[in-house]
Amino acid sequence: MSETRSETLVEFDDVLTRYEPVIGLETHVELGTESKMFCGCATTFGAEPNTQTCPVCLGLPGSLPVANAAAVESTIRIGLALGCRIASWSRFARKNYFYPDIPKGFQTSQYDEPLCTAGHLDVEVDGETYRVEIERVHLEEDTGKNLHVGGATGRIHGADHSLVDFNRAGIPLVEIVTRPVAGAGAKAPEVARAYVTELREIIQALGASDVRMEQGSLRCDVNTSLAPIGSLEWGTRTETKNVNSLRSVERSVRYEMRRQAAVLDAGGRVVQETRHFHEDTGSTSSGRSKEEATDYRYFPEPDLVPLAPDAEWIEKLAAGLPELPAARRRRLQEEWGLSATELTWLVNAGALGLVEQTVAAGATPADARKWWLGELARRANDAGVELADLAVTPAQVAELTALVAEGTINDKLARQALDGVLAGEGDPRAVVEARGLAVMGESDELVAAVEAAIAGAPDVVEKVRGGKVQALGALVGAVMKTTRGQADAATVRRMLEERVR
Amino acid sequence: MSTESTPDRGATPALGRQDIAHLARLARLAVTDEELDRFAGQLGAVLDAVAQVQRADAGDVAPTTHAVPLTNVLRPDVATPSLPRDVVLAGAPAAEDDRFRVPRILGEEE
């Protein structure tokens, strides 16, 4: 990209000899509610532009907002899952600024009285646990979407004008802000990534959002600063936006550490600013310098009454929390007898839930793991999709393993049955039937194939009779070929031995 | 527009021309030099009037932001019909491709 000048960077390992990184993360999560935060407009992703708006979310005069109960409860549940204190008194506030995607001239947010404060999230990197303190979790509303017209497609630079779609304006948005995380050293980039990964899993487990970074329902601002080692003061931080994948979270911290070290090494000062991450180059570039917080002229939202969750309400929500990801991982590791490394493989492959469901559908943990980490991982990789997006359900995988276990098919036929399932031909048992994949018993057809193989290779038969037993393999191969792999190799070998000896 | 400081201290709390210029910029209002002086005086008088409240002995009274003592007024999460798009866009100063058309946005990248 033209605005990304190549900047001086310090080697990553070199950065750590002189500086200690401090990171902080602000994560925005679009809640998966049916309706918007303060009005009844639907929240369907990808709807036709401006078909999900009304006087409230367009900020038309005289309209009045009413808070969405489900959004408030989701926010409290997220706070509880992060070990936060839930405020007994909490208010919305107006954050005033002008931007075309903010129809009201302010964003309804929370300021000094957020719903949840003082929590934490423990994340693991390379067997080491890092505690990320949570400063606050608050509830606000999303903005509309700008489409820049003219100039390079979709870019603001050189654009003639912009077009705004307000479907997203007013969708409930939860902001989760960490306290600064120091002491992670070389692991800082990975800790940042592990934090967002774990947060995403928690919110997914709560069912509060679909947390899809590529669709923007989870967005991350990554703060990075460097302090000289041994210094008591933290350095000036930058805030990197446009970080749209877990991998980018890690890369953006890494890049900022290397860039800021070069600035400091040269005797310069890091500018406090917003920076934009570029996926293609893995670099960041300077954005506008941020308006001072006081310039937002926050004040309590007069059109919404305070939230005052009582103990009973909070307890009810706490009691309804699902098993959280960390506890679930520990439980499954124990139940399936996995090593820490095996567990990590499953988690990193995104297969934990799939294996769990496959086991629940009757497969053994070993079979379920073998299929999801082996054949299915290969298919997903070939197709360039996530495991979960393959057109096969855990129940179907369990059925495949059952068919193999009962001897109806072998592994090779099972892979063909999987082809059928992925092609939408139905459940494995139906595919096996329709495609005629079942292992051949000692049928007339198989006897004929065995006898034909013997008759067709008198030299091999001689060798076997002469004591070269391993030559029998060639005959087994010939039979498997004529039967298109549908015979059971052990059966074929036994039948051949009976006839050759 | 000059934003030089001409401290224009009336009674407490004082508002200078600079403060007015800053507020005008945040509110996207074009204000002339003469208006800076006039508004500083007028807004100063307003603040003076409001400041009288601080003379009341209200040490044990919590600040009020709502006139009615209500909390937890919530609506169930149910989608209701939105406005038809042609009605929505009829109120827009300009529209294009079913969207609100706005002037070029300067100085920031999304």
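Analyst: In this predicted model, helix H16 (residues 472-482) of chain A packs against helix H17 (residues 489-500) of chain A at an angle of about 120 degrees, and their axes lie 10 Å apart. Angles from 65 to 115 degrees count as roughly perpendicular, and H16(A) and H17(A) are therefore classed as oblique to each other. The crossing in which H16(A) passes H17(A) is right-handed.

The residues that form this packing can be listed for each helix. H16(A) brings A:Leu472, A:Leu475, A:Val476, A:Val479 and A:Met480, and these meet A:Ala489, A:Val492, A:Arg493 and A:Leu496 of H17(A). By class, the contact of H16(A) with H17(A) holds eight nonpolar residues, no polar residue and one charged residue.

Helix H2 (residues 69-81) and helix H5 (residues 311-319), both of chain A, have axes that come within 10 Å and cross at roughly 70 degrees. H2(A) and H5(A) are therefore roughly perpendicular to each other. Here, too, the handedness is defined: H2(A) passes H5(A) in a right-handed crossing. On the H2(A) side the contact is made by A:Glu73, A:Ile76, A:Arg77 and A:Leu80, while H5(A) contributes A:Ile314, A:Leu317 and A:Ala318. Five residues of the contact of H2(A) with H5(A) are nonpolar, none is polar and two are charged.

Helix H2 of chain A also has a part in the contact between the chains. That contact takes 42 residues from chain A and 34 residues from chain B. On the side of chain A that touches chain B, at least two residues each are supplied by strand S2 (67-68), H2, strand S8 (145-149) and strand S9 (161-165). The largest share of that side, five residues, belongs to S9(A). The residues of chain A on that side comprise 23 nonpolar, 13 polar and six charged.

Strand S2 of chain A is also paired with a strand of the other chain. S2(A) and strand S1 (residues 74-75) of chain B pair in the parallel sense over two bridges. Within S1(B), B:Arg75 is the bridge partner of A:Asn68.

To return to the part requested, the contact of H16(A) with H17(A) joins an oblique arrangement to a set of residues divided into eight nonpolar, no polar and one charged.

Technical notes. Residues numbered from 1 in each chain as written. Chains lettered and ligands numbered in written order. Predicted model: local features only at pLDDT ≥ 70, side-chain atom pairs only at ≥ 80, totals over all residues. Axes fitted to C-alpha atoms, helices over the stretch in contact; angles between N-to-C directions. Helix = DSSP H or I, 4+ residues; strand = E, 2+ residues; numbered from the N terminus. Parallel < 35°, antiparallel > 145°, perpendicular 65-115°, else oblique. Left-handed = near helix turned anticlockwise from the far one by under 90°. Contact = placed C-beta atoms within 7 Å. Nonpolar A, V, L, I, M, F, W, Y, C, P; charged D, E, K, R; others polar. Pairing = 2+ DSSP bridges.
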